[in-house]
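Let's walk through this model together, one region at a time. Have the viewer open and follow along.

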Amino acid sequence: MLDKIGIAKRIAQELQDGWYVNLGIGIPTLIANYVPDNVNVEFQSENGILGMGPFPFEGEEDADLINAGKQTITAMPGACIFDSATSFAMIRGQHIQLTVLGAMEVADNGDIANWKIPGRMVKGMGGAMDLVASAENIIVAMMHTNKRGKSKLLRQCTLPLTGVKCVKRIVTNMAVLDVTPDGFKLIERAPGVSIEDIQAATEGRLIVEGDVPEMVLA
Amino acid sequence: MNKVVANAAAAIEGIESGMTLMLGGFGLCGIPENCIAALVELGVTNMTCISNNAGVDDFGLGLLLQKRQIKKMISSYVGENDEFERQMLSGELEVDLIPQGSLAERCRAGGAGIPAFFTPAGYGTEVGHGKEVRYFNGKPHILEHALTADFAIVKAWKGDTNGNLIYKGTARNFNPMMAMAGKITIAEVEELVQPGELDPNYIHTPGVFIQRIFQGEKYEKRIEQRTVRTK
């Protein structure tokens, strides 16, 4: 079983040289720490920066330089800054090669829910609906089950949707799965996790073909 | 043409209860602090506020929420504000949540003379309910209408007395689009300079969009999430 850092490390393996990448709040933000050495990517934050760098050193925080999670950040050499309309032109116009975001629920047809629990929690969708509606390559980073042990990989989402039929790949603490027309296809197992464990934790349709390899993390 | 006003109180003259305001900023970054303080002081109520976020409990638009001056918020993300969540869940506050990119583009469209546009964002979700759907290149899109406001209030780093503005860092965010979409647009700046002092090649918001400008008295520029690394 992976922890959140393990999930981030596994998704970092998906990064390809030259990509522009948008990372959501939570686990996705951690991915920036595990970019492979031979890969150069630029991180976009939808509040208006391309070429986002690491957190500033203590004492060098700038209130005018934050990411979409409102955290203080730095700008890499060659970074650029723009307004919100331009930022979403990059996103809607498919100039960003990969979007990674968290989710509360994913359905086996690629539907995603991550912005609202009716009557209980309404934080808003932020940029998530624009991102999932347009991105060609969407990876969801999340735990396989919720705090009550219930599967987050469902036949159908129960919460209000963020987007329809858009998720391509899911990396959880238990597995890597792809969304196919016939359901979730198991691609890799987390270290020490059996196919049976994954089947038990997955409510949506699960396709298992042959020996499913274990993830290899650096 | 004299756009310069003395201070925030003078800048917000004419703002009345029940009006629609646009306020720039993302989180607490790039918000018009001085005008928000002046609006609290003025005590106008029943305001509709278009702003990406709603501040935190004791700063930004949270200050207007505390005083129950806001009737309706049009935003994309409103976490990090307990009073907001309480007022929304109890039904005291009307909230229209819209995708961030649609919010930005609706403001831009409002200022650019585009009455509406189609976007894929929100199709198949609550956001798309009741909206016209059209397929382009085989993909469904929903119709979104432009937004305008009685007053737009933006914050810039530097401005000249003609209203030309330059923003700093990610404090730019929604400010340029909102500056375009106000019937009257107020700019508060950290440094107000004379025409000719700003390089025309580096102006972010052309002065034509700005009706009133002043240098803010002071800027707290509060940081919402201070994240650092050690040397």
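Which side chains does a polar contact of 2.6 Å join? They are those of A:E61 and B:R226, where a polar contact is a pair of N or O atoms within 3.5 Å; within protein, one must be able to donate a hydrogen and the other to accept it, and residues adjacent in sequence count only if both atoms are side-chain atoms.

Before going further, a word on conventions. This is a predicted model, in which local features need pLDDT of at least 70 and side-chain atom pairs count only at pLDDT 80 or more, while totals for chains, interfaces and linings use all residues. Residues are numbered from 1 along each chain as its sequence is written, chains are lettered from A and ligands numbered from 1 in the order in which they are written, and side-chain values use heavy atoms, with hydrogens and water left out.

Back to A:E61, which you will find in the loop between β3 (49–53) and β4 (74–81) of chain A; helices (H or I, at least four residues) and strands (E, at least two) are DSSP runs, numbered from the N terminus. Its side chain also reaches the backbone nitrogen of A:G59 at 2.6 Å. Leaving aside residues up to four places away in sequence, A:E61 touches A:P56, A:T72, B:I223, B:R226 and B:V228, contact meaning heavy atoms within 4.5 Å.

Now widen the view to both chains. Here 49 residues of chain A are in contact with 51 residues of chain B. The two chains bury about 4,200 Å² between them, 59% of it on carbon and sulfur atoms; this is the accessible area (1.4 Å probe) that two parts lose on being put together, summed over both. Six salt bridges cross this interface, each a side-chain nitrogen of Lys or Arg within 4 Å of a carboxyl oxygen of Asp or Glu. A:D64 forms a salt bridge with B:K168, with the closest N and O atoms 3.2 Å apart.

Next, turn to helix α4 (residues 82–89) of chain B, where B:E83, B:F84, B:E85, B:Q87 and B:M88 are buried, that is, under 20% relative accessible area (1.4 Å probe, protein chains only). Their packing partners are β9 (121–122) of chain A together with α3 (62–66), β3 (70–75) and β4 (94–97) of chain B. B:N81 caps the N-terminal end of α4(B), placing a side-chain oxygen 3.3 Å from the backbone nitrogen of B:E83. Just after the helix, B:G91 takes a positive phi of about 85°.

Finally, look at helix α2 (residues 33–42) of chain B, which is mostly covered, with seven of its 10 residues buried. Just after α2(B), B:G43 takes a positive phi of about 80°.

Conventions. Buried means under 20% relative accessible area, exposed over 50%, partly exposed in between (1.4 Å probe, protein chains only).
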